[in-house]
Amino acid sequence: VLESRHMIVKMVKFFVTLTLSLSVLTLAQESQPLSFSQALELSQASPSVVLARGQRDLAQKQLEVARGVFSGEFTTSYTQTWGEATSVSPATGEEETTSLDDGGFDTFSLTATLNVVPFGPNADRIQQALWSLEQAELSLRDAAATALISTAESYLTALRAAQEVELRTFSVEVATQQLEANRVRRESGGATDQQVLQAEIALSQAQNELATAQRSNVQALAALSNGLGVAVGSVSGEAPSAALPESLDSEGQILERTDVRQALIAVQEAELTAASTTREYLPSGSLTMTLAATDEERQFSASAGYDTRSYQPNASLSYDPSSEGGAQVLSSNSLSVRLGATVPLESSLSPALEAARLSIEQSQQQAEQTQELARLEITNAQRQLDAAQAGLELSQQLVEQSQETYNTTKERFDLGLIIELDVLTADEALRESQLNLARARDSYLLALLQYLNSLAVNPLEVF
């Protein structure tokens with residue numbers, strides 16, 4: 001019994017240890033830093049992108065429905081009658097009762113339309129579906145680009161916030177050493193109480209800046225987590241170097257923008273509506289050929305036709321199992337051709353055509369205005385990119401100056417001319433300039449992404 005208890009205790013300890021080990025491993029995996037490429041990949045699964053992708057898929061299905069080659073229907077019915085009729089017999093003069101009970105299927109009818117002519121209302125529906133699909137694809141492209149740029153900005157903000165914490169931690173260490181050095185110098189008469197007080201204030205300010213940086217780091221990670229929909233504990237890794245694509249045609253890319261494409265589609269829709277309105281007020285004709293066969297009890301007919309209202313050929317089959325051809329008709333076969341014409345008598349033709357013309361003109365003016373606004377937006381994005389480029393070059397110069405200052409300070413320290421605290425101060429200034437340079441690179445990258453997005457170019461092409 002004791003051995004069994006010992007075995008049970010050992011097994012329980014084993015499973016507890018295994019569970020704890022797996023939990024620690026899971027936490028370690030979850031706490032792995034998020035890279036820039038992983039963040040961009042997650043951005044393409046954001047709710048806005050998923051919704052836009054679903055709308056694109058829906059538009060594709062609607063296009064498949066509009067492109068259906070065959071449409072038709074089968075109809076029939078069953079009729080049951082109960083009752084009786086009372087009449088007087090001509091021969092005997094007596095009343096007779098006749099049952100009216102009867103039942104049976106009515107005519108079976110099958111009609112079909114072949115949507116094969118690229119003209120008319122069906123062709124209009126297909127064109128509308130094509131435009132809807134194009135707009136859905138444009139919306140998906142915009143949603144993906146917006147999510148990518150937003151994620152890149154949030155990621156870089158979180159990355160710089162973490163580096164800011166490291167810098168402010170180093171600043172606290174430098175301020176602490178400065179305070180200790182001033183206190184030591186005060187004891188030997190080399191520093192005043194005012195200098196010590198200033199060092200204490202500097203240390204307090206450095207500690208406050210560290211606390212602010214830590215809060216900013218937490219907020220940046222929370223914003224990144226909310227944007228991606230996953231918990232992000234830390235980030236690691238710089239963004240890849242980016243550059244403008246070669247041979248970029250700015251004027252040609254304007255026509256690829258979503259707002260410009262939608263405006264141009266609106267012009268085409270107005271023209272299509274005008275053409276459809278014109279067809280509705282024009283005379284139409286039809287041609288139908290019918291072949292019928294009838295005997296004493298049944299009737300069968302087949303017909304084929306074409307009309308200039310739907311512009312699609314149609315056919316129909318019908319079978320009546322209880323047709324009464326008449327006592328004198330044993331069977332019959334016939335072929336008939338029917339020509340029809342419809343002339344609309346509408347007094348609103350002229351106003352309808354004028355309304356269609358005005359609609360086309362307005363949509364054309366809107367398209368021109370949209371293109372002008374697009375050019376202005378692209379110009380502003382280009383200016384922001386140029387400003388970011390200038391800021392980046394200035395930051396690079398400041399880093400070079402800080403590096404030279406640090407090197408000179410380090411050489412003087414090696415010669416024993418200055419103390420180590422002077423080297424730490426120069427190192428702090430160098431780190432500050434390097435962080436500012438990293439932020440300048442971020443600004444340039446985001447400005448580049450925004451510029452490409454204004455040109456309807458996939459932002460991923462810069463990496």
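Modeller: What follows is a set of questions about labels, each answered from its cut-off. This is a predicted model, in which local features need pLDDT of at least 70 and side-chain atom pairs count only at pLDDT 80 or more, whereas totals for chains, interfaces and linings use all residues. Residues are numbered from 1 along each chain as its sequence is written, and side-chain values use heavy atoms, with hydrogens and water left out.

Biologist: Why is Tyr-311 called buried?

Modeller: Buried means under 20% relative accessible area, exposed means over 50%, and partly exposed lies in between, with a 1.4 Å probe and protein chains only. Tyr-311 has a relative accessible area of 16%, so it counts as buried. Tyr-311 sits in the loop between strand S8 (299-307) and strand S9 (314-320), where strands are DSSP runs of E with at least two residues, helices are runs of H or I with at least four, and both are numbered from the N terminus.

Biologist: What makes the phi of Tyr-311 worth a remark?

Modeller: Most residues other than glycine have a negative phi. The phi of Tyr-311 is positive, near 60°, and Ala-456, in the segment after helix H9 (420-454), also has a positive phi, of about 60°. Ala-456 is buried as well, because its relative accessibility is 13%.

Biologist: How do you know that Phe-108 and Tyr-319 are stacked?

Modeller: Rings of Phe, Tyr and Trp (its six-membered ring) pair if their centres lie within 6.5 Å, and planes under 30 degrees apart count as stacked, over 60 as edge-to-face and the rest as tilted. The centres of Phe-108 and Tyr-319 are 6.5 Å apart and their planes are at 25°, so this pair is stacked. The pair joins strand S6 (residues 108-114) to strand S9 across 211 residues.

Biologist: Are Phe-108 and Tyr-319 buried or partly exposed?

Modeller: Phe-108 is partly exposed because its relative accessible area is 25%, and Tyr-319 is partly exposed because its value is 31%.

Biologist: What makes Arg-431 a charge over the ring of Phe-170?

Modeller: A charge sits over a ring if NZ of Lys or CZ of Arg is within 6 Å of the ring centre and within 35 degrees of the ring normal. The charged end of Arg-431 sits over the ring of Phe-170 at 3.8 Å from its centre, and Arg-279 lies over the face of Phe-119 at 5.4 Å from the ring centre.
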